[in-house]
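Please have a look at the model first.

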Amino acid sequence: MTTLTRREFAILPAVVLAAKATTVPAFAQPSTPLITRAIPASGEPLPAVGLGTAQVFDSANEGTRQKASAVVQALIGNGGKLIDTASTYGDAERVLGDTIAPAGLRNKLFIATKLESPDAAELKRSLSRLRTEKLDLLQLHNVRDPQQSLSAFKEWKAQGVCRYIGITSTFHGAFSAVETVLTREKPDFVQIDYSIEDREAEKRILPLAGDNKSGVLTALPFGRGRLFRAVRGKTLPDWASAFAGSWAQFFLKYLLGDPRVTAVIPGTADPAHMTDNLGAMRGPLPDADERRRMVQFIEAL
Ligand SMILES: NC(=O)c1ccc[n+]([C@@H]2O[C@H](COP(=O)([O-])OP(=O)(O)OC[C@H]3O[C@@H](n4cnc5c(N)ncnc54)[C@H](OP(=O)(O)O)[C@@H]3O)[C@@H](O)[C@H]2O)c1
C-alpha cells in the first residue's frame with residue numbers, strides 16, 4: 001500500500017468511503033501483493049490497473065474537480081499510478097492538473113496524454129494544462145495513416161519532455177496503419193481497444209507489440225460500459241469467484257490474464273468504481289482455460 005503524506009491523508013475520507021461502498025474479497029485485500037507489469041522498453045514496473053479519463057472529466061467545474069480528486073485519491077490509495085488522458089478530452093487535462101499539482105501528487109503518478117499531431121504548440125498546451133514539466137508517456141492519438149511519423153516524439157523524448165512515447169487507435173479500420181507504424185517506429189507503448197467482447201487486437205496488434213517490445217495499454221476495457229449492461233441482473237458465476245469479486249474485476253482480469261497486456265485503463269468518475277477496478281490488481285489471474293470459459297460465458301449472454 002502506498003504511504004500517504006499528512007496532506008494527502010487529510011483528503012482520505014473520499015477514499016475510505018469509496019472502499020466501504022465496495023465489497024472487497026479476500027484475494028483483493030490491500031495486504032495482498034499488487035499486480036505490476038514491466039514496461040518492455042525499460043523493465044520499469046507499472047501497476048496494471050490505471051484510470052482512463054475520456055468524457056468523465058470534460059468540464060472544468062467544481063463538481064468535476066471534486067470527482068477527479070476523489071478518483072485520483074482512490075487510485076493512489078490503492079496502489080495505482082497510471083492516468084491516461086488526451087489533449088482532446090474536453091477540459092480533462094486541466095481538471096487533472098488542478099487536482100494533482102496543488103495536492104503534490106505528481107511524483108506518485110504515471111501520466112500519459114495524447115496529441116492529435118506532432119505539434120509543439122499542442123504539446124506546450126498539454127504540459128501547461130497538466131501543470132507538469134514532464135510527461136511519463138506521450139502518445140500520438142488515433143493513428144490512421146501508415147506514413148505517420150514519430151520523429152518529433154522521439155526528439156521530445158531525447159530532450160526529456162517525456163519518458164516514453166506511444167501510439168493509439170480504437171478504430172479497427174485503422175489497424176493496418178497501426179501495424180505499419182508500430183513495426184516501423186517501434187514505440188514504447190501501443191494503446192488499443194481490447195475487451196472480452198472485442199478481441200480483434202489479440203490477433204493483430206498484441207503479437208506485433210510483443211515483437212517490437214512495445215507495452216500494451218487496453219482502451220475501452222468495458223466497451224464504454226456496454227459489458228455492464230450485458231450482465232445487468234446477473235450474478236458472477238461461482239467458478240469466477242476465485243479471481244473476481246465483481247463484474248468489473250471479471251472483465252479486467254480477463255485482459256490482465258493476457259501477459260502481453262501491460263495495463264488496463266478503465267474510465268470512471270466514481271471513486272467506488274475506481275476502487276472496485278483496482279481490486280483487479282490483486283490476487284490470482286485466470287489461466288488460459290478459465291479465459292476461454294469467460295469468453296464462452298459472455299458470448300452466451
Ligand atoms: N483512441 C484512443 O486512444 C482511445 C479511445 C477511447 C478510449 N481511450 C482511453 O480508454 C479509456 C477507457 O475507455 P472509456 O472510458 O471510454 O470506456 P470503458 O473504460 O470501457 O467504460 C467506461 C464506463 O464504465 C463505467 N465503469 C467504470 N468502472 C465501473 C465499475 N467498476 N462498475 C460499473 N461501471 C463502471 C463508467 O461509468 P462510471 O463513470 O459511472 O464509473 C463508464 O460508463 C478512456 O477513458 C481513454 O483514456 C482511448
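I will begin with the basis of the model, then turn to the pocket, and end with the ligand.

This is a predicted model, in which local features need pLDDT of at least 70 and side-chain atom pairs count only at pLDDT 80 or more, while totals for chains, interfaces and linings use all residues. Residues are numbered from 1 along each chain as its sequence is written, and side-chain values use heavy atoms, with hydrogens and water left out.

The largest pocket holds about 690 Å³ of space; a pocket here is an open set of points on a 1 Å grid over the protein atoms alone, where a 1.4 Å probe fits, with protein on both sides within 12 Å along at least five of seven lines, and lining residues have an atom within 4 Å of a point. The volume is the space filled by probe spheres set on the points, which are joined across faces, edges and corners. Its lining has 33 residues, with Ala54, Tyr89, Leu220, Arg224 and Gly267 nearest the centre.

The ligand sits in this largest pocket, meaning that more than half of its atoms lie within 2 Å of the grid points. Of the 29 residues around the ligand, those that come nearest are Asp84, Asn142, Phe222, Thr268 and His273, where near requires a heavy atom within 4 Å.

As for the backbone, a polar atom of Phe222 is 2.8 Å from a ligand oxygen, and a backbone N or O atom of Ala269 lies 3.1 Å from an oxygen atom of the ligand; a polar contact is a pair of N or O atoms within 3.5 Å.

Definitions and conventions. A polar contact is a pair of N or O atoms within 3.5 Å; within protein, one must be able to donate a hydrogen and the other to accept it, and residues adjacent in sequence count only if both atoms are side-chain atoms.
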